[in-house]
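Subject: Structure for your review

Dear colleague,

Please find the structure below, together with its sequence.

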Amino acid sequence: MTAKEIRKTFTDFFASKGHTIVPSAPMVVKNDPTLMFTNAGMNQFKDIFLGNAPAAARRVADSQKCLRVSGKHNDLEEVGHDTYHHTMFEMLGNWSFGDYFKEEAIDWAWELLTEVYGLPKDRLYATVFEGYAPDGLGADDEARGYWRKYLPEDRIIAGNKHDNFWEMGDTGPCGPCSEIHIDLRDEAERAAVPGEKMVNQGHHLVIEIWNLVFMQYNRKANGSLEALPAKHVDTGMGLERLCMAIQGKKSNYDTDVFTGMIDAIVRLSGRPYEPDTQSGVAMRVIADHIRAISFSITDGQLPGNVKAGYVIRRILRRAVRYGYTFLGLKDPFLCRLVPQLIRDMGEAYPELVAQQQLVERVIREEEEAFLRTLDKGIKLMDSMMEKSRGTMVISGIDAFTLYDTFGFPIDLTELIAAENGFKVDMDGFSVELGKQKERARNATAVENGDWIEIHPFTSCEFTGYDTLSNEAELMKYRTVRAKNKEMIQLVFDRTPFYGEMGGEIGDTGTATAATGEVIKILGTIKENNLTIHVAERIPTDVRALFTLTVDAEKRQKVANNHTCTHLLHQALREILGTHVEQKGSYVCDQYFRFDFSHFEKLSDDIIDQVERRVNALIRMNYPLCEKRDATMEEARREGAMALFGEKYGDRVRVVRFGDSVELCGGCHTAATGTIGFFKITGESAVAAGIRRIEAVTGLEAEMVVDGMENALRAAKAFFNNVPDLSGAIRKMIRENDEYKKKMEEVMRERTVLFKKDLVSMARDIDGRRVVSMDTCPNPQILKNAAFMLQNETENLVIAAAYEAGGKPQLLLMYSHDLVAAGKNAQADIKEAARFIQGGGGGQSGLATAGGKNLAGLPDALEALVASATR
């Protein structure tokens, strides 16, 4: 069976068991502050497990794109070195939300693996939870009993809390799990050591292929457990490992998931694939990483310097570094592998096909930038090794500076150091890395208290499309501490407050109790489908009836700006072409920014056209037309465009303003005319193929134009209010260029004259002609004259120590013949610069220095002359 057939067989099997088959959610998570990437199939169902939303279907199955490169689920450093770890992988999973539980999950897993896929029963093992006394948990005898139907007792293995108790995080739903392992070793190896002795022992051919999680508890902030009101099943099976087992391979990389890509890397590098060599490791790293990089970009996450962007950049640079070091690939190569990835996965994931050009351009630009970094890092390494020749050890601080400031991988530092007979102080490096991680932890540390429930909570109704105020009951609250600041989070049964999501900031306002107490709402966030109001304090009477009121002026400005992003999107597609697609946005009350796919800078003329078109759409005063509960098919018929990388539910909201039709859950103005006026304030590149427009509307746009007019009036006044201001400016620039040329000619003439004066000033000291100066009327002329004399004379030294601009300055020149004889102005001036508490640099024939201590000039001059005549 091919990977494609194995994936389809899984979904068909669970469809036959009454499961709804749902599409993969984006790999990049956008509206969950606790996650950057989907790292498990259950992520898209978190709000159901947490009780924040009802399940649309009680039985669900899918194949989910996942990425594990950060946090506790971090497989990055193992990738390529073993046969079964990956960054991006596909997770096959089935779920029950309060429906079936352990028996059916185990029965169906066994049926699919043995009867449908045909895996040998005698090679399968199951683990069950052995219990954990500190939590008051006994062994999972229920799961063991169900496994006895299929496996002998010696192949049902007790597992500890680490292996067989699954937890979503420090708090939240959790429960025992039962893992299914398969022994793929040869018969001789199995006869020598039985499989039950090898489960969870790290053997690359005795591996877990399926994890059945039975969620039946909730972990509270104090560490205690309570039973969940409804029990759930969450299972996950890695497609790549399953393919290895079914296709009879010894490595995931030998399955058809990866063989096409590895063949492409072989062709590209001109080297054979030899699994047990460094070049084999490099090919596996590249074959894995190109998937993670490409899928992240199609989901809207570009490489960057912070958070998720930094993770993707790190993956990309790891792949480039392996290709550079072990395959001799010195030019961009990852971008050339995208066509092969599309051949392998484009049919299952059409977003790859649709965005091929963007993916290739972004990757190429990142590769070129990192190759420049590598070149710079190697040069820095050379200087570090030069200064460390005494110890032959690169210090931990230097190695960390290369890693942290210049993005130079530590293992490449070690490799280059070893090739040159040096070592790296890895203990010192680890200390510096630990300090950095501690700083990062302290900056992002968040302590969440337990939710204190006032009323039984089911869901929070959002009323903010229709009203800015409504009465509500407080359902639950908790205290959150972050960056040594305590905040209160409130959840109501209904709210007009929009929680920050999709690039739009959250609402602010007030919650007024029936008692008259007013609580300020400082912001609103969306977390696991829960609308959370961030408040300054806990209400005195938490059971009071509250009136929630949104800041109307701020909301209107936000709504105007959000609607304007839709009009801007329409205008860009009309003017630039339908290849334009939104790639991100940020909308607040003061301004907005809009990222979109396009491959060149917008000219001033294009920006003018876009502004005119958007303002024309504003003046049309199109009313808001929306359909709040449309199916995806209805939305497509309306002409709405679904964006890659966005997660849409079964029901969507369609927002229309004239010909602009988009799927959008944000807040919008009642009609485009209320926006008033639109002005672009900036246009720039975000990444290869991604442009960013920053803009303002309404009063803020008027203020920008007012500022421009004031600047124009001031400029006109400077030119005595001439009618043709641009002509006057051009004339001034032209005249300034002429004056510069004349000044340069005067400087050249003065330099020639001064050069003659210098030669005449030379006196003989120990057989050398030395010019010694303790004053200098024009340092630049001195430097120019010295540079000219360097190649025009012989046996000449110029040593100068003088004050310039209130600071001490030094200059030392040796004629070319003295340099050839071994004199070095750069080295000698550094010695003299100590007297003025400074430092210098330059070439062996001409060097300069600056410092702080004017009183040291005489000694510095004496040192220069002494070194020149040695």
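Two terms are needed at the outset: two strands pair if DSSP finds at least two bridges between them, and helices (H or I, at least four residues) and strands (E, at least two) are DSSP runs numbered from the N terminus. This is a predicted model, in which local features need pLDDT of at least 70 and side-chain atom pairs count only at pLDDT 80 or more, while totals for chains, interfaces and linings use all residues. Residues are numbered from 1 along each chain as its sequence is written, and side-chain values use heavy atoms, with hydrogens and water left out.

Three strands, in the order 26-27-28, form an open sheet with antiparallel pairing. Its edge strands, each pairing on one side only, are strand 26 (625–631) and strand 28 (660–663). On average, neighbouring strands of this sheet are turned by 20° against each other, direction ignored; such angles run from 0 to 180 degrees between N-to-C directions, with axes that are lines fitted to C-alpha atoms, for helices over the stretch in contact. Strand 27 (residues 651–657) is joined to strand 28 by four bridges, and the two run antiparallel. Within this pairing, Val654 stands opposite Leu663 in strand 28.

Strand 28 also contains Ser660. Ser660 counts as buried because its relative accessibility is 3%; buried means under 20% relative accessible area, exposed over 50%, and partly exposed in between (1.4 Å probe, protein chains only). Not counting residues up to four places away in sequence, Ser660 touches His566, Gln570 and Val655, where contact means heavy atoms within 4.5 Å.

Strand 24 (residues 582–587) and strand 25 (residues 592–597) pair in the antiparallel sense over five bridges, and a hairpin joins them through four residues. The bridge partner of Gln582 in strand 25 is Phe596. Strand 29 and strand 30 (residues 690–697) run antiparallel and are joined by eight bridges; in strand 30, Ala695 is the bridge partner of Ile680.

**A parallel pair**

Strand 6 (residues 124–129) pairs with strand 7 (residues 156–159) in the parallel sense over four bridges, with Phe129 opposite Gly159 in strand 7. From strand 6 the chain crosses through helix 4 (residues 141–147) to strand 7, and this β-α-β crossover is right-handed: with the strands pointing away from the viewer, the path from the first strand over the helix to the second runs clockwise.

**Nonpolar cores**

A nonpolar core is a set of buried Ala, Val, Leu, Ile, Met, Phe, Trp, Tyr and Cys residues joined through side-chain atoms within 4.5 Å. The largest has 118 residues, of which Trp147, Trp210, Leu334 and Ile363 touch the most other members. Helix 9 (residues 278–298) gives the most to this core, with eleven residues. A second, separate core has 29 residues, including Ala571, Cys588, Leu617 and Ile693.

Trp147 touches Ile106, Trp110, Ala126, Val128, Ile156, Ser178, Ile180 and Leu212, leaving out residues up to four places away in sequence.

**Individual residues**

Gln790 lies in helix 22 (residues 779–792) and, at 14% relative accessibility, counts as buried. Apart from neighbours within four places in sequence, Gln790 is in contact with Met813, Tyr814, Ser815, His816, Gly845 and Leu846.

Most residues other than glycine have a negative phi. Asn721, however, has a positive phi, near 55°. Asn721 lies in the loop between helix 20 (698–718) and helix 21 (725–761), and counts as exposed because its relative accessibility is 53%. Asn795 likewise has a positive phi of about 55° although it is not a glycine; its place is in the loop between helix 22 and strand 33 (796–804). At 23% relative accessibility, Asn795 counts as partly exposed.

**The chain as a whole**

The secondary structure comes to 25 helices and 36 strands. Of the 870 residues of the chain, 51% count as buried. The C-alpha trace spans about 105 × 80 × 55 Å along its principal axes.

Yours sincerely
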